[in-house]
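Biologist: I would like to go through a model with you and learn how to read its features one at a time. Where do we start?

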2 protein chains.
Amino acid sequence: MRPLIHPEIADVPLELMLHALADPVRVAIFADIVKQDCSQSCSSFLTVGEKQIPKSTLSQHFKILREAGLIRSERRGVEMHNTSRCAEVDARYPGMLAAIANAHQIQMNAREKTTAKKRSTRR
Amino acid sequence: MRPLIHPEIADVPLELMLHALADPVRVAIFADIVKQDCSQSCSSFLTVGEKQIPKSTLSQHFKILREAGLIRSERRGVEMHNTSRCAEVDARYPGMLAAIANAHQIQMNAREKTTAKKRSTRR
DNA sequence: TCAATAGTTCATATTTCCCGAACTATTGAA
DNA sequence: TTCAATAGTTCGGGAAATATGAACTATTGA
């Protein structure tokens with residue numbers, strides 16, 4: 001099993017970061033890791049929203065976030081300890097990750113509202 | 001020839017916007033349109049950086065930016081008039097596009113420096 | 001009416017992505 | 001130590017998304 005790759009932020013093209021966040025599952029995972037910036041095992045994301053994510057897919061998603069310099073993953077016994085690298089990224093690209101995480105939250109809130117409305121009108 | 005689509009910002013998933021910007025050519029085009037927020041024809045981007053972009057590819061790129069709600073394209077005679085929709089996006093997701101455009105600029109500056117260094121060391 | 005210019009659409013070859021199956025690594029128990 | 005359980009990774013191949021040449025459309029100016 002090859003070692004995990006954690007690139008220097010300076011070596012990550014901006015597009016790679018944006019690509020990593022340009023997926024509903026990954027941006028949700030990332031926003032979650034940022035919010036409660038303590039450990040987060042991979043398997044705690046086997047369901048994201050309503051969706052079930054297969055283990056192998058999840059592993060790929062974490063790899064993409066990792067190699068985009070957005071998170072750091074360390075083994076802690078049998079499971080993984082994932083933390084965000086926000087501070088490092090922020091030093092290079094100020095405010096970007098915060099703005100994206102914030103946007104994600106805004107979108108979630110907007111969705112919450114519309115699904116609540118749908119429920120109340122029996123749709 | 002079917003009419004161009006300009007969705008409401010509220011109808012564009014955040015991921016679609018990020019996806020649109022997660023490409024080196026598109027983020028360069030977008031940053032340029034934002035910077036000098038006057039007209040920018042499509043064909044003014046037939047070369048981006050060092051790269052030659054085929055016309056058909058460029059057309060796809062503009063379509064993706066447009067349908068992600070990031071730009072507005074209007075016909076002006078024989079060519080296209082592209083403007084950013086930053087203000088509208090900003091109303092929903094404050095600061096996000098500015099932070100990304102800024103990040104792109106920072107990356108460009110960093111690259112400028114390293115290529116200058118390479119040139120000076122005869123590489 | 002025609003040629004020139006700017007962009008779009010279509011077809012398809014290529015690339016990327018998803019996910020089941022098999023594998024690896026760590027731990028705790030027998 | 002061996003074994004079972006748990007957490008994650010890797011691999012392979014089918015599905016989906018991209019890139020681009022060729023053909024097309026729309027507008028203008030001669």
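Biologist: In which element is Gln107(B) placed?

Modeller: This is a predicted model, and in it Gln107(B) belongs to helix H5 of chain B.

Biologist: Is Gln107(B) buried or exposed?

Modeller: The cut-off for buried is under 20% relative accessible area. Gln107(B) has 3% relative accessibility, so it counts as buried.

Biologist: Which residues is Gln107(B) in contact with, leaving aside its neighbours within four places in sequence?

Modeller: They are Val12(A), Pro13(A), Leu14(A), Glu15(A), Arg92(A) and Tyr93(A).

Biologist: That leads to the interface. How many residues does the contact take from chain B and from chain A?

Modeller: Chain B gives 25 residues and chain A gives 25 residues. In chain B, the residues that lose the most area to chain A are Glu15(B), Leu18(B) and Gln107(B), together 28% of what that side buries. The area buried between the two chains is about 1,800 Å², and carbon and sulfur atoms give 69% of that area.

Biologist: What is the count of salt bridges between chain B and chain A, and of residue pairs in polar contact?

Modeller: There are 0 salt bridges between chain B and chain A. The count of residue pairs in polar contact, both at pLDDT 80 or more, is 4.

Biologist: Which elements give two or more residues to the side of chain B that touches chain A?

Modeller: Helix H1 (14–21), helix H2 (24–35) and helix H5 (96–120) of chain B do. The largest share of that side is from H5(B), with 10 residues. Sorted by class, the side of chain B that touches chain A has 16 nonpolar, 5 polar and 4 charged residues.

Biologist: What is found at the start of H2(A), and which residues of H2(A) are buried?

Modeller: At the start of H2(A), a side-chain oxygen of Asp23(A) comes to within 2.9 Å of the backbone nitrogen of Val25(A). The buried residues of H2(A) include Val25(A), Arg26(A), Phe30(A) and Ile33(A).

Biologist: How many salt bridges does the structure hold over all chains?

Modeller: Side chains of opposite charge can pair when their charged atoms come close. Over all chains, the structure holds 4 salt bridges. One of them joins Arg72(A) and Glu88(A), with the closest N and O atoms 3.4 Å apart. Arg72(A) lies in strand S3 and Glu88(A) in helix H4 of chain A, so the pair ties together parts that are 16 residues apart in sequence.

Biologist: Which residue forms a salt bridge with Arg72(B)?

Modeller: Glu88(B) does, and the closest N and O atoms are 3.3 Å apart. This pair links distant parts of the chain, with Arg72(B) in strand S3 and Glu88(B) in helix H4 of chain B. Arg72(B) is partly exposed at 29% relative accessibility, and Glu88(B) is partly exposed at 33%. Back in chain A, salt bridges that share partners join Arg72(A), Arg85(A) and Glu88(A) into one network.

Notes
Residues numbered from 1 in each chain as written. Chains lettered and ligands numbered in written order. Predicted model: local features only at pLDDT ≥ 70, side-chain atom pairs only at ≥ 80, totals over all residues. Heavy atoms only, no water. Contact = heavy atoms within 4.5 Å. Buried area = accessible area lost by both parts, 1.4 Å probe. Salt bridge = Lys/Arg side-chain N within 4 Å of Asp/Glu carboxyl O. Polar contact = N/O pair within 3.5 Å; in protein donor to acceptor, adjacent residues only side chain to side chain. Helix = DSSP H or I, 4+ residues; strand = E, 2+ residues; numbered from the N terminus. Nonpolar A, V, L, I, M, F, W, Y, C, P; charged D, E, K, R; others polar. Buried < 20%, exposed > 50% of the residue type's maximum accessible area, 1.4 Å probe, protein only.
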